[in-house]
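Good morning, and thank you for the time. I would ask you to keep the sequence and the model in view while I speak.

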Amino acid sequence: DEFSLFRQAADKRGFTEEVEQLIKEFSQYNINSEALHEVIGKLEGTQAPHTLISKTKDLQLILQELEQQLGDTYVDGDSFFPVLVEQLPNSEKIKQAHIYIDGFTAFTVREFDIVKQLIALAERVTIVLPFENEQDKDDDQALFYRSAVMQLSFSK
């Protein structure tokens, strides 16, 4: 009953699966209900379309309720990433390791945090990203745009 935009869609076929997928993506990119609350404030401040604000509010409501209900009792796979980042400095094997990372075109925020930590700690890290030249980063229609932009992130 609290939904504004999702009220009509909530009982439709496929709705739950779509919301579940969004929640997984939120977790991958470290987005919680508090972050969505901030986004709502920014959207309202820029006079964004009403439907976008309503959808974001509904998603924030779902995420907030989920966080309250589950608390720390449920942890998905992506929730272990911050623990890994925190514990990596304690590994002597990592400090002596030569690490090769291949098969990615880009990284989520949490994956990127792990890779940065590995770069800082390991003896050597080699990352293979598929792109033809650095100019791909300037063309968002380029086949390897995301990889070129990711490479730029590592060079900072």
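This is a predicted model: local features need pLDDT of at least 70, side-chain atom pairs count only at pLDDT 80 or more; totals for chains, interfaces and linings use all residues.

Residues are numbered from 1 along each chain as its sequence is written, and side-chain values use heavy atoms, with hydrogens and water left out.

Let me begin with the interior. A nonpolar core here is a set of buried Ala, Val, Leu, Ile, Met, Phe, Trp, Tyr and Cys residues joined through side-chain atoms within 4.5 Å. Buried means under 20% relative accessible area, exposed means over 50%, and partly exposed lies in between, with a 1.4 Å probe and protein chains only. Helices (H or I, at least four residues) and strands (E, at least two) are DSSP runs, numbered from the N terminus.

The largest nonpolar core has 15 residues, of which L88, I94, I99, I101, F107, L118 and M150 touch the most other members. Two elements, β1 (98-101) and α6 (109-121), each give two or more residues to this core. Which of them supplies the largest share? It is α6, with five residues. L88 is in contact (heavy atoms within 4.5 Å) with I94, I114, Q117, L118 and L121, leaving aside its neighbours within four places in sequence. There is also a second, separate core of nine residues, F3, F6, V19 and L36 among them.

Not counting residues up to four places away in sequence, S33 touches Q60, L63, Q64 and E67. Y29, by contrast, sits in the loop between α1 (15-28) and α2 and is partly exposed at 35%. Together with I31 and V109, Y29 forms a nonpolar surface patch with about 220 Å² of accessible area. Such patches join nonpolar side chains (Val, Leu, Ile, Met, Phe, Trp, Tyr) within 5 Å, or like charges within 9 Å, among residues with over 30% relative accessible area and no salt bridge. The areas come from the Shrake-Rupley method with a 1.4 Å probe, and for residues only the protein chains shown count as cover.

Finally, the salt bridges. The rule asks for a side-chain nitrogen of Lys or Arg within 4 Å of a carboxyl oxygen of Asp or Glu, and the count comes to five. One of them joins E20 and K24 at 3.9 Å, N to O; these residues are four apart in helix α1, about one helical turn. E20 is partly exposed at 43%, and K24 is partly exposed at 42%. Another joins E92 and K95, with the closest N and O atoms 3.3 Å apart. Both residues lie in helix α5 (residues 92-95), three residues apart. In α6, D113 and K116 meet at 3.8 Å, and they too are separated by about one helical turn. An α-helix has 3.6 residues a turn, so residues three or four places apart point the same way.
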